[in-house]
Amino acid sequence: MEVKQIATLMNTVTSEVLGESAIQTEDLSNVVDIGTQIFDADAVDAYVKSLVNHIGKMVFVNRPYNGSIPSLMMESWEYGSVLEKVTAEMPEAVDNESWELTDGTFYNPYVFHKPEVSAKFYNKRVTFEIEMSFVTEQVKQSFSNASQLNAFISMIETAVSNSLTVKIDELAMKTINEMIAETVADEFPEGTYTGTGVKAVNLLKLYNDKFGTTLTADDACTNPEFIRYASYEINLYKSRMSKISSLFNIGGKARFTPNDSLHCVMLADFKNASDVYLQSDVYHNDLTALPNGIETVPFWQGSGTQYAFEDTSTINVKSASGDTIEFSGILAVMFDRNSAGICCESRKVTTAYNPKGEFFNNFYKFTCGYYVDSNEPFVVFYVA
């Protein structure tokens, strides 16, 4: 064990703290241990200088990661693979002839009126697995007891579980990003996003047009007036989508979303800006609050290297329809629970023992179905 004398450093620190000297350069390498990957074979006692230092405590970094994805999980089933989604269109009204009776006229009650019914079939799954080998005999010499060995194995299991969670989280986000891409491509087929639509709402353009300002996307999320207006618009859509309409889905179908089926996923940059710049300085928070039940995400596709807004608010994808969409400034999405979902999630672990090598191979398998329905309401809110 290396022991360093720090009396001089402590005298310097004391004079700095008491205000007796200016701040000086301090050599913290004499104080803080940053660790080494390999144990130093020269780590011996300071007495006879031949006794190797023993490990007194082992700490295993075993921290489960729970993830933070929007709740898109739907039902699962064991047999069969196809999800069939059947919908019926609303019939048109006709004249009520009982108030226009004419003597001698034949009124035929036996005409067949076929309902207009359509079906969508979903029959795709995605799958991957994580492989990990485990041994016991080969690592027993590195631990003091069975408890430490078990803690070591548990740590590896947690690392595998965390890896699965990260990957599954991102698959759920890819489902939302697919629906964003489909919506944007339908609303702006020419590929220019500086305008605004009814399914892809440019909150910044609406704000600047209404108030005659020239606010930019970079400054929007720190402008209390814009945040207040954006909250107003988003809350309007909550009530608009609760009324039956064909405006809020790509297929132009008559749909509505009751409050208990409404999802609102918001970029953390915008949600936190609302809490800090808006809610903290008003007396009636309920009048400016965003919709209840909001789920937040730190980014839509990735954080970039610095969590810059231009990275966290951007998607760059090729959609299932074949459109390449690079779209920035996404603040939130609001959608019906039936417009995007996850079904038939299957997780299992298979194991094989190698008697010659004396190790176990574990195969952590994951299979799941991810789907979107363009006939259901989905609205994107963004700044551009």
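Tutor: Contact means heavy atoms within 4.5 Å. The model is predicted, so local features need pLDDT of at least 70 and side-chain atom pairs count only at pLDDT 80 or more, while totals for chains, interfaces and linings use all residues. Residues are numbered from 1 along each chain as its sequence is written, and side-chain values use heavy atoms, with hydrogens and water left out.

Student: Which residues is Ile180 in contact with, leaving aside its neighbours within four places in sequence?

Tutor: Ile180 touches Trp300, Ile315, Phe327, Ile330, Val333, Phe378 and Val380.

Student: What makes the set of 71 residues a nonpolar core?

Tutor: A nonpolar core is a set of buried Ala, Val, Leu, Ile, Met, Phe, Trp, Tyr and Cys residues joined through side-chain atoms within 4.5 Å. The largest such set has 71 residues, and those with the most contacts inside it are Ile180, Phe226, Trp300 and Phe327. Helix 2 gives the most to this core, with 14 residues. Helices (H or I, at least four residues) and strands (E, at least two) are DSSP runs, numbered from the N terminus.

Student: How do you know where the buried residues of helix 3 lie around its axis?

Tutor: The buried residues of helix 3 (residues 203-211) are Leu203, Leu204, Tyr207 and Asn208. They fall within an arc of 125° seen down the axis, so they line one face of the helix; the arc is that of the directions from the helix axis to the C-beta atoms. The face turned away from the buried side carries exposed Asp209 and Lys210. Among the elements covering the buried residues are strand 4 (200-202) and helix 5 (224-240).

Student: Why are strand 3 and strand 10 called edge strands?

Tutor: Two strands pair if DSSP finds at least two bridges between them. Three strands form an open sheet in the order 3-11-10, with antiparallel pairing. Strand 3 (126-134) and strand 10 (340-354) each pair on one side only, and are therefore the edge strands by the pairing rule.

Student: How many bridges join strand 10 and strand 11?

Tutor: Strand 10 and strand 11 (residues 359-372) pair in the antiparallel sense over 13 bridges. Val349 has Tyr364 of strand 11 as its bridge partner.

Definitions and conventions
Buried < 20%, exposed > 50% of the residue type's maximum accessible area, 1.4 Å probe, protein only.
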